[in-house]
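Hi there,

I am passing this structure over to you, as promised. Have a look first, and my notes follow below.

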Amino acid sequence: MWWTKGPSSEEMTRARAVLGFDDVKVITCGRGENVTVIAVTEGLVVLTDETDSAVAWHEIVHGGWNGNTSTLTWDFLDGSGASVMLQKPGKIPEVFKARVTESIAATRSVPVHGGDVLIAGRIPAGHLADPERSITWTAMARESADLNDPETRQKVVEATDALKKEWG
């Protein structure tokens, strides 16, 4: 049930097209009805009957596998997200968790009016890695914290600057 064969040559052609490079390193593959998910060094490639897309590991804020519904979900910093149902997930759930976790270099929670802001430094992988900018910094407001509030923004900038000094 958990095992699935790797991507076909046609699926690899589609994966290369959506990623924009030929040297694609496949980690594992999962399948659902009308969907193939391919975990590669850089992130997830999702191939469906309607569209092909890709998401980088470092762009995923949180997500995970729900074994009861056979659904993999993920969310982005802007609050949007996606999900796929996989009847044959293969190692996708384990690889997803490991790769998203590995992309996080540093985090800090900053208490602010209305809640807190989670600052995260994430490391792009594979072809997405940029030697000039090894860590991408993000800030996500939680509860009713407001990133547009000047006091909140100042605290976030100071905390991010401190993290940047620690992590280079």
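Strands β1 and β2 (residues 35-40) run antiparallel and are joined by 6 bridges; strands here are DSSP runs of E with at least two residues, helices are runs of H or I with at least four, and both are numbered from the N terminus. One of the bridges pairs valine 26 with valine 40 of β2.

A word on the source: this is a predicted model, in which local features need pLDDT of at least 70 and side-chain atom pairs count only at pLDDT 80 or more, while totals for chains, interfaces and linings use all residues. Residues are numbered from 1 along each chain as its sequence is written, and side-chain values use heavy atoms, with hydrogens and water left out.

The two strands belong to an open antiparallel sheet of 4 strands, ordered β1-β2-β3-β4, where two strands pair if DSSP finds at least two bridges between them. At its edges are β1 (26-32) and β4 (52-56), each pairing on one side only.

Helix α1 (residues 9-19) packs on this sheet and touches β1, β2, β3 (43-48) and β4; contact means heavy atoms within 4.5 Å. The direction of α1 makes about 120° with that of β3, with axes fitted to C-alpha atoms, for helices over the stretch in contact, and angles running from 0 to 180 degrees between N-to-C directions. Helix α2 (residues 92-102) lies across β1, β2 and β3, at about 130° to β1.

Overall, the chain has 3 helices and 10 strands, and its C-alpha trace spans about 50 × 35 × 25 Å along the principal axes.

Best wishes
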